[in-house]
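Okay everyone, thanks for coming. Let me put today's protein up on the screen, and then we'll walk through it together.

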Amino acid sequence: MKGLIVISLFFSALQCTAQNYEVKKAKFSTNYAEYCAGLLKDGVVFSSNKKPEILKTYLDENDNYYTNLYVAKEGIGDSKNQNELLSKEISSVLNDGSLSFEPGGRTFWYTSNIVTEDEKIRPSKEFKLGIFKAAKRDGIWTRVQSFPYNAKNHDFNVAHPAISPDGSFMIFSSDMKEGAGASDLWIVYRTDESWSAPKRLPDGINTPKNELFPYVDKKGTLYFSSNGLDAVSYTHLRAHETS
């Protein structure tokens with residue numbers, strides 16, 4: 001009988017000088033807002049609010065275009081590289097972004113506003129965020145599945161999926177009522193058919209404020225953004241099975 005997967009959490013504060021990185025602006029960056037990059041074998045996928053040339057789009061309350069997923073393909077260091085819309089099939093009329101690839105890179109989960117076909121788009125109207133799965137069908141990225149814990153009645157946001165390197169669990173951000181803060185980090189484990197019920201990560205990771213944009217590296221280290229922590233912080237996740 002397969003045992004339960006247990007996550008041991010080790011929370012540490014890093015000094016800003018603990019790790020050295022050289023940060024450079026990517027040459028495929030534009031004057032628009034671009035964020036949440038994900039690596040493909042032949043390029044980088046990211047979210048941008050540049051105006052798409054082939055889609056009907058709208059302006060938000062700040063007169064900016066909503067975000068879509070773009071790809072900078074081979075030669076990402078070349079200033080002449082052109083950013084292309086990743087897929088018309090998964091581009092919605094509102095925001096798309098913050099993605100995480102499954103192991104192997106053949107599918108990914110991403111954030112998108114939840115909009116029904118009969119809803120009218122207005123800048124003043126709030127559309128909650130949900131998580132969706134995309135896969136390639138006949139060479140085209142297509143939305144194939146909704147995350148089972150997306151809000152059913154526009155009650156809360158579910159966003160920013162982070163798949164573990166082995167694909168066994170996902171961490172995401174949500175402001176669902178069971179949380180303790182504005183937006184907390186939650187974890188779900190992959191089951192034979194879907195995902196387990198969400199569990200909120202413990203205090204010390206989550207705060208009364210916002211925890212967003214999680215990322216899990218190959219060593220099991222969870223990186224995330226927070227405006228409720230006083231230090232540069234990370235959390236190490238150690239997973240093991242119990243009989």
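Let's begin with Glu102. Not counting residues up to four places away in sequence, Glu102 touches Thr107, Phe108, Trp109, Lys133, Ile163 and Arg190. When I say touch or contact, I mean heavy atoms within 4.5 Å. Where does Glu102 sit? You'll find Glu102 in the loop between β6 and β7. Those strand names come from DSSP: strands are E runs of at least two residues, helices are H or I runs of at least four, and the numbering starts at the N terminus. Glu102 is buried, at a relative accessible area of 9%. Buried here means under 20% relative accessible area, exposed means over 50%, and partly exposed is in between, with a 1.4 Å probe and protein chains only.

Quick housekeeping before I go on. This is a predicted model, where local features need pLDDT of at least 70 and side-chain atom pairs count only at pLDDT 80 or more, while totals for chains, interfaces and linings use all residues. Residues are numbered from 1 along each chain as its sequence is written, and side-chain values use heavy atoms, with hydrogens and water left out.

Now the whole chain. How many helices and strands are there? Zero helices and 16 strands. Of the 243 residues, 42% are buried. If you take the contacts with a separation of 6 or more, 48% of them are between residues 24 or more positions apart.

Next, the aromatic rings. You describe a pair of aromatic rings by the distance of the centres and the angle of the planes. Rings of Phe, Tyr and Trp (its six-membered ring) pair if their centres lie within 6.5 Å; planes under 30 degrees apart are stacked, over 60 are edge-to-face, and the rest are tilted. The structure has eleven aromatic pairs. One of them is Trp109 with Phe147, an edge-to-face pair at 6.2 Å centre to centre and 80 degrees between the planes. Trp109 is in strand β7 (residues 107-113) and Phe147 is in the loop between β9 and β10, so this pair ties together parts that are 38 residues apart in sequence. Trp109 is buried, at 1% relative accessibility, and Phe147 is buried too, at 1%. There's also a cluster linked by ring pairs: Phe101, Phe108, Tyr110, Phe132 and Trp141.

On to the largest pocket. A pocket, on a 1 Å grid over the protein atoms alone, is an open set of points where a 1.4 Å probe fits, with protein on both sides within 12 Å along at least five of seven lines; lining residues have an atom within 4 Å of a point. The largest pocket holds about 1100 Å³ of space, where the volume is the space filled by probe spheres set on the points, and points are joined across faces, edges and corners. Its lining has 39 residues, and Gly38, Leu39, Leu40, Ser100 and Phe101 lie nearest the centre. Which element gives the largest share of that lining? That's β2, with five residues. By type, the lining splits into 21 nonpolar, nine polar and nine charged residues. Nonpolar covers Ala, Val, Leu, Ile, Met, Phe, Trp, Tyr, Cys and Pro; charged covers Asp, Glu, Lys and Arg; the others, Gly among them, are polar.

Ser98 isn't a glycine, but has a positive phi of about 50 degrees. Ser98 lies in strand β6 and is buried, with a relative accessible area of 8%. Asp138, also not a glycine, has a positive phi of about 55 degrees. Is Asp138 buried or exposed? Asp138 is exposed, at 83%, and it's found in the loop between β8 (129-137) and β9.

Last stop, Leu212, which is in strand β14. Leu212 is partly exposed, at 22%. Leaving out residues up to four places away in sequence, Leu212 touches His160, Ser173, Ser183, Leu185, Phe224 and Ser225. Phe172 is 40 residues from Leu212 along the chain, and their C-alpha atoms are separated by 7.9 Å.

That's my tour, so let's open it up for discussion.
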